Amino acid sequence: MPQSVRVASALVWTIVALSGLTALLTVLLSNQMLEEWSVGKPDDLTPPSFVPVALTMFVVLALLGWLLVVFLRHGYGWARWAIVALVIFVANVSFIGLRGDLPTLFVLLAVVALAVDVVTLVMLFHKDTSAFLRRVPS
């Protein structure tokens, strides 16, 4: 297995870890997030539930990431495209996070996640990864 596939796999786990850290911070800072969210909004407006969304996203991302990395490491080319879709989804969520009024730590995590997303895509389309995925899986 080429180094580019190993690096891409590790980067997917990095994305999962960043999602886990974001979920943990969401749990720990949920009151602060709700306070910042409610600024300028009517008092009768029901605040969103950030914690269940963050935890669910982390669990789904972790399980899907694990499954797709297994298939990628076994040479299945379709797994690369599924990981690309996953990375684009995470990048989209990170961009949304950058647009909102979030605590600074969340903004920093979003920037780091975007950088990891870009490097992951580069590794997924590296020439060694492409050559590895061209072979027929056994």
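A crossing of two helices is called left-handed if the near helix is turned anticlockwise from the far one by less than a right angle. In this predicted model, the crossing of H3 and H4 is left-handed, and H4 also passes H5 in a left-handed crossing. The chain holds 6 helices and 0 strands.

**Overall layout**

- Along the sequence, the elements follow the pattern α-α-α-α-α-α.
- The C-alpha trace of the chain spans about 60 × 20 × 20 Å along its principal axes.

**Helices H3 and H4**

- The axes of H3 and H4 lie 9 Å apart, and the two helices pack at an angle of about 155 degrees.
- Because angles over 145 degrees count as roughly antiparallel, H3 is roughly antiparallel to H4.
- From H3, the residues in this contact are Met 57, Leu 61, Leu 64, Gly 65, Leu 68, Val 69, Phe 71 and Leu 72.
- From H4, the contact takes in Trp 78, Ala 79, Arg 80, Ala 82, Ile 83, Leu 86, Phe 89, Val 90 and Val 93.
- Sorted by class, the contact of H3 with H4 has 15 nonpolar, 1 polar and 1 charged residues.

**Helices H4 and H5**

- Helix H4 covers residues 77-99 and helix H5 covers residues 104-124.
- Their axes come within 9 Å and cross at roughly 155 degrees.
- H4 and H5 are therefore roughly antiparallel to each other.
- On the H4 side, the contact is made by Arg 80, Ile 83, Val 84, Val 87, Val 90, Ala 91, Ser 94, Phe 95 and Leu 98.
- On the H5 side, these meet Val 107, Ala 110, Val 111, Ala 113, Leu 114, Asp 117, Thr 120, Leu 121 and Leu 124.
- The contact of H4 with H5 has 14 nonpolar, 2 polar and 2 charged residues.

**The largest pocket**

- The volume of the largest pocket is about 870 Å³.
- Its lining consists of 31 residues, and those nearest the pocket centre are Thr 22, Val 93, Gly 97, Leu 102 and Phe 106.
- Two or more lining residues come from each of helix H1 (3-28), helix H2 (30-38), helix H3 (50-73), H4 and H5.
- By class, the lining of the largest pocket has 19 nonpolar, 7 polar and 5 charged residues.

**The largest cavity**

- Rolling a probe the size of a water molecule over the atoms shows where empty space is left.
- A search of the whole structure turns up 1 cavity of 30 Å³ or more.
- The largest cavity has a volume of about 40 Å³.
- Its lining is made of Val 12, Ile 15, Val 16, Leu 61, Gly 65, Leu 86, Val 87 and Val 90.
- At least two of the lining residues come from each of H1, H3 and H4.
- The cavity lining has 7 nonpolar, 1 polar and no charged residues.

Key: Residues numbered from 1 in each chain as written. Predicted model: local features only at pLDDT ≥ 70, side-chain atom pairs only at ≥ 80, totals over all residues. Heavy atoms only, no water. Axes fitted to C-alpha atoms, helices over the stretch in contact; angles between N-to-C directions. Helix = DSSP H or I, 4+ residues; strand = E, 2+ residues; numbered from the N terminus. Parallel < 35°, antiparallel > 145°, perpendicular 65-115°, else oblique. Contact = heavy atoms within 4.5 Å. Nonpolar A, V, L, I, M, F, W, Y, C, P; charged D, E, K, R; others polar. 1 Å grid on protein atoms, 1.4 Å probe; cavity = no way out; pocket = protein on both sides within 12 Å on 5 of 7 lines; lining within 4 Å. Points joined across faces, edges and corners; volume = space filled by probe spheres on them.
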